[in-house]
Amino acid sequence: MKFRCERDVLVDGLSTATRAVSSRGGALPVLSGLRVHLEGDQLRLTGSDLDLTITVDLTVAGDTDGEVVIPAKLAVDIVKALEPGAVLFETEGDEAKISGGRSEFSVNLIPAEEFPQLTAPSAESATIDAAEFADGLRQVVSAASNDDSRPILTGVLLAPEGTGLRLVSTDSYRLAVRDLPGATLLREGQTVLVPSRALNEVVRALGTAEKLSVVLDEREASFRVDGVRLTTRLIDGAFPNYRGLIPQSQPNRLVIGRGPLIDAVRRVKLMAREATPVRLTMREGSVELVAITQDIGQAHEELDAHYSGAELTVAFNPEFLLTGLEVTPGDEVSLETVDSLKPALLRSTESADFLYLLMPVRVS
Amino acid sequence: MRLVIARCSVDYAGRLTAHLPLATRLLMVKADGCVAIHADGGAYKPLNWMNAPNRLIESDGVWTVTSPKGETLTITIEEVLHDTAHDLGVDPGLQKDGVEAHLQELLAANCEAIAQGLVLVRREFPTDIGPVDLLCRDADGTAVAIEVKRRGEIDGVEQLTRYLERLDRDPTLRGVRGIFVAQSIKPQAKVLAASRDIDCVEVDYDELRGIESNVLRLF
């Protein structure tokens, strides 16, 4: 195999495909490598940990076709370190020569025949507005769980809602729901649970793309944007019945500027050490934020706000509250509560397409 | 255990020579023959001592302790202020931190709190470098070694790695995988565990004990 490619283009391609490469090593050492396949001027880079596969197609100046597997991280590091300009990639026996400027590296290859044959789902593809989908994903993926012991909660539910698409995630402490009206991706009644890790990579790959092509079958989902395709296994199992968790009416309602509240939570959070909650005391005309950490000190801040309801103190995990505020759109948000132990509903006063439900923390 | 409080001076002769001038000190003579001389300060280290095996000869006002290596500890006693002996019996050994031991006990009784389908084989499963906290089988029948800590740090991952290496030599356990369990696990420990194919699980001690947690859940 032999080809020539601009360094920056090759670095982008290698880095993107390497994001799916297993960091664990694991039972298949070949998965620590990237498959490099050249046919004419078309170079295809593939990285996979068997759950997530990322394929990047690049146009290069091809000379000799071939297929090899190179150590992924090393290849990225080498190409990134070369001088700007053209990079020559050439294989000879069990070695790949990577050269650029006056530098030359020889890298031992990994036997290519051990690389698994990966298939993409074969169902019909649908096209969706990339910016809107990325926006929706950014709002929900942070509420998905990182705890692999509860795999269902590590995914984002994609479900049809009315004439659009609904994205839902929860880690059992909070729930994020985003509606994308008009986005048709699923058949009626079809729902899929996509690992949030894969969707994070989808967001990253989307960049400024306008359209995203999606293929969903029973076991896999594939997302294609420009020259990048991400294929992920779907999570098998029943997603919690989230609809029953969303309260229909809350007697207390705080309306406040989103920016000032984010800034205040960030400041007060400095005194909320080791899972210490931030307490919000809501009363007519204002909200008071307090964080107290034993033996360290306390923080206190008062903000102007509109509040209707009985005076109430509710405590939240500051990280979870901040994440919710950051992903809620608009300049003004409402925080609706029942009491200090029931879920609080955070949403924009300007849009009904997104909601963030957050459980309080019990304080004495 | 014999405890003597006495005004004494002490001379040691062996690898070097050392002298403790006349003062009031505690002399401990343990059942195994160890002799230790303590001052009224410091948590654990005696001023001088002679490990077992050794020979103690008491004569009028002088104790002479000699070891097989030829070391001699001579205690010259001017006045005995207190002299008692107690039978302490067999010591049960150092117990693990209460929370950690209780966590292990709770998880042994409820392995599914760690991962679905886990079944306990044995607590404190012996290996030739010490016992692994829990040995289980998963739903596929694969052996699973579990190390339980209160705080999950890199040391715990290293410890579990050593156990896994030993357990994998046993043909009946070959293919054994590891799970590192703690109330909270440091990010560095998670990275190290992931690089060694060891799963990490954080558990809620209060929840395992059936105590209502302050951290409320939606479901």
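Let me start with one residue in chain A: Gln190(A) is buried, because its relative accessible area is 11%, and the cut-off for buried is under 20%. Please keep in mind that this is a predicted model.

Where does Gln190(A) sit? Its place is in chain A, in the loop that runs between strand 13, residues 174-180, and strand 14, residues 192-195. The side chain of Gln190(A) has a polar atom 2.9 Å from the backbone nitrogen of Arg187(A). If we set aside the neighbours within four places in sequence, the contacts of Gln190(A) are Leu158(A), Ala159(A), Pro160(A) and Leu216(A).

Now to two other loops of chain A, where I want to look at backbone angles. Ser172(A) has a phi near 85°, which is a positive value in a residue other than glycine. This serine belongs to the loop between strand 12, residues 164-170, and strand 13. Is Ser172(A) buried or exposed? Ser172(A) is buried, since its relative accessible area is 0%.

Asp226(A) also has a positive phi in a residue other than glycine, here near 45°. The loop in question lies between strand 16, residues 220-225, and strand 17, residues 228-233, of chain A. Asp226(A) has 65% relative accessibility and therefore counts as exposed, the cut-off for that being over 50%.

Chain B has a backbone feature to show as well. The peptide bond that leads from Ala52(B) to Pro53(B) is cis, and its omega is near 0°. Pro53(B) is in the loop of chain B between strand 4, residues 48-50, and strand 5, residues 55-59.

That brings me to how the two chains meet. On the chain B side, 13 residues are in contact with 22 residues of chain A. About 1600 Å² of area is buried between the chains, and carbon and sulfur atoms give 56% of that. Which three residues supply more than any others of the area that chain B buries against chain A? They are Leu216(B), Leu218(B) and Phe219(B), which together supply 47% of it.

As for the make-up of the side of chain B that touches chain A, six of its residues are nonpolar, three are polar and four are charged. How many salt bridges are there between chain B and chain A? The count is zero. Polar contacts do occur across the interface: four residue pairs are found, with both residues at pLDDT 80 or more.

How values were computed: Residues are numbered from 1 along each chain as its sequence is written. Chains are lettered from A and ligands numbered from 1 in the order in which they are written. This is a predicted model: local features need pLDDT of at least 70, side-chain atom pairs count only at pLDDT 80 or more; totals for chains, interfaces and linings use all residues. Side-chain values use heavy atoms; hydrogens and water are left out. Helices (H or I, at least four residues) and strands (E, at least two) are DSSP runs, numbered from the N terminus. Buried means under 20% relative accessible area, exposed over 50%, partly exposed in between (1.4 Å probe, protein chains only). A polar contact is a pair of N or O atoms within 3.5 Å; within protein, one must be able to donate a hydrogen and the other to accept it, and residues adjacent in sequence count only if both atoms are side-chain atoms. Contact means heavy atoms within 4.5 Å. Buried area is the accessible area (1.4 Å probe) that two parts lose on being put together, summed over both. A salt bridge is a side-chain nitrogen of Lys or Arg within 4 Å of a carboxyl oxygen of Asp or Glu. Ala, Val, Leu, Ile, Met, Phe, Trp, Tyr, Cys and Pro count as nonpolar, Asp, Glu, Lys and Arg as charged, and the others, Gly among them, as polar.
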